[in-house]
Amino acid sequence: MSWPEPARTRMPEAITAIDEGFTAASVRLGARALGTTWPNPAVGAIIARDGIVLARGRTGPGGKPHGEVLALAAAGGAARGATLYVSLEPCAHHGRTPPCSEAIVAAGIGRVVAPLGDADPRVAGRGFAGLRAAGLQVATGACEALARRAHAGHFMRVRAGRPWVMLKLAVSADGGIGLTGEGRVAVTGEIARRHVQALRGRFDAILVGRGTVEADDPELTCRLPGIEGRSPVRVVLDSEGRLPPGAKVLDPVAATPTWIVSAAADRRGIADGERLRWLTVAAGEGGVNLAAALSAIAELGITRVLAEGGATLARGLLAADLVDEAIIFRSPDALGEGRVPALGEMALETVTASARFRATERRRFGRDRMTRYERVG
């Protein structure tokens with residue numbers, strides 16, 4: 001079966017209800033790859049004609065192949081004259097892969113619908129311009145807010161030179177995150193803890209301080225069936241280079257990489273390798289400079305960070321205005337005497353009752369309540 005040649009005349013770039021639906025679907029499709037595509041954005045692409053989906057694709061592990069290329073390959077000749085819905089402006093530069101914009105033109109796509117342009121200066125409108133110059137219709141603006149949220153990490157890294165940061169806290173009824181000298185304490189129930197496991201798989205890196213490693217000796221991996229391979233990079237802030245040698249995060253045969261960010265020049269014999277890396281940054285108040293630490297891991301491609309512990313790190317990130325979103329799990333049970341305050345001397349209301357954040361989602365996980373807070377502005 002042959003398809004008609006794509007239209008080569010400029011038409012009004014109108015957005016229809018069908019466009020909105022397919023564009024939203026492309027954003028959700030791409031978001032399923034979050035945590036696996038860094039340093040590239042997680043892009044979803046859908047090729048459709050007359051309301052019928054012909055092919056789909058999303059960015060592959062490590063950022064390639066790109067979603068558009070996978071969708072075009074799946075569609076084959078059926079792509080000619082069809083509409084491509086893509087969650088971000090197609091790339092226009094030669095990097096690790098050829099430009100997607102050229103592949104789109106070569107495949108004979110007739111129309112491209114995308115929410116917004118790419119902030120990457122290597123693209124920044126050039127993808128759309130190249131498509132239009134080749135005669136394709138290009139419509140933008142559909143589901144823009146949804147796409148900005150999905151690509152928040154990519155935009156933050158490109159524009160601010162740091163990853164997008166989510167702070168996660170599990171807090172008892174009396175505001176504690178643990179007990180002094182008690183080691184690991186389960187503040188929330190199993191259902192909430194399993195949700196956090198799933199959440200980890202959508203981030204490029206987990207960030208903790210040395211104190212959390214010393215107190216809990218966590219693995220910081222995804223251990224739910226089916227997503228074990230999506231464990232993010234473990235980033236440990238260790239200002240003086242004093243991590244316990246036997247810590248689980250330093251296991252030399254572990255499949256999950258660990259990066260140590262330190263202000264100490266002495267690496268204690270630790271050499272950079274595939275699974276273990278040492279990053280030296282400037283010192284800050286009470287430890288490493290948090291902005292410098294985030295910048296260092298962004299330079300290595302990290303776009304999304306889940307900050308999991310502990311109170312010192314959480315307080316430092318908030319004080320430095322480096323938290324873009326916070327997710328707080330609240331237990332109905334109190335920890336009592338000896339509890340460790342969630343944010344040390346900083347009040348939890350710094351997040352929950354601040355003009356800097358607004359609540360965007362509330363859910364229950366068993367007996368625990370979860371509230372998500374997003375930075376305002």
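Which residues does Asp324 touch, not counting residues up to four places away in sequence? They are Met156, Arg162, Pro163, Trp164, Val165, Glu374 and Arg375; contact means heavy atoms within 4.5 Å.

The model is predicted: local features need pLDDT of at least 70, side-chain atom pairs count only at pLDDT 80 or more, and totals for chains, interfaces and linings use all residues. Residues are numbered from 1 along each chain as its sequence is written, and side-chain values use heavy atoms, with hydrogens and water left out.

**View 1. Asp324 and its surroundings.** Asp324 sits in the loop between α10 (311-319) and β15 (325-330). Helices (H or I, at least four residues) and strands (E, at least two) are DSSP runs, numbered from the N terminus. Asp324 is buried, at 6% relative accessible area; buried means under 20% (1.4 Å probe, protein chains only).

**View 2. The Asp324–Arg162 side-chain pair.** The two side chains make a polar contact at 2.9 Å. Such a contact is a pair of N or O atoms within 3.5 Å; within protein, one must be able to donate a hydrogen and the other to accept it, and residues adjacent in sequence count only if both atoms are side-chain atoms.

**View 3. An open sheet of five strands.** The order is β2-β1-β3-β4-β5, with mixed pairing. Strands pair if DSSP finds at least two bridges between them. β2 (52-58) and β5 (137-140) are the edge strands, each pairing on one side only.

**View 4. The β3–β4 pairing.** β3 (residues 83-86) and β4 (residues 111-114) run parallel over three bridges. Tyr85 has Val113 of β4 as its bridge partner.

Terms used:
Buried means under 20% relative accessible area, exposed over 50%, partly exposed in between (1.4 Å probe, protein chains only).
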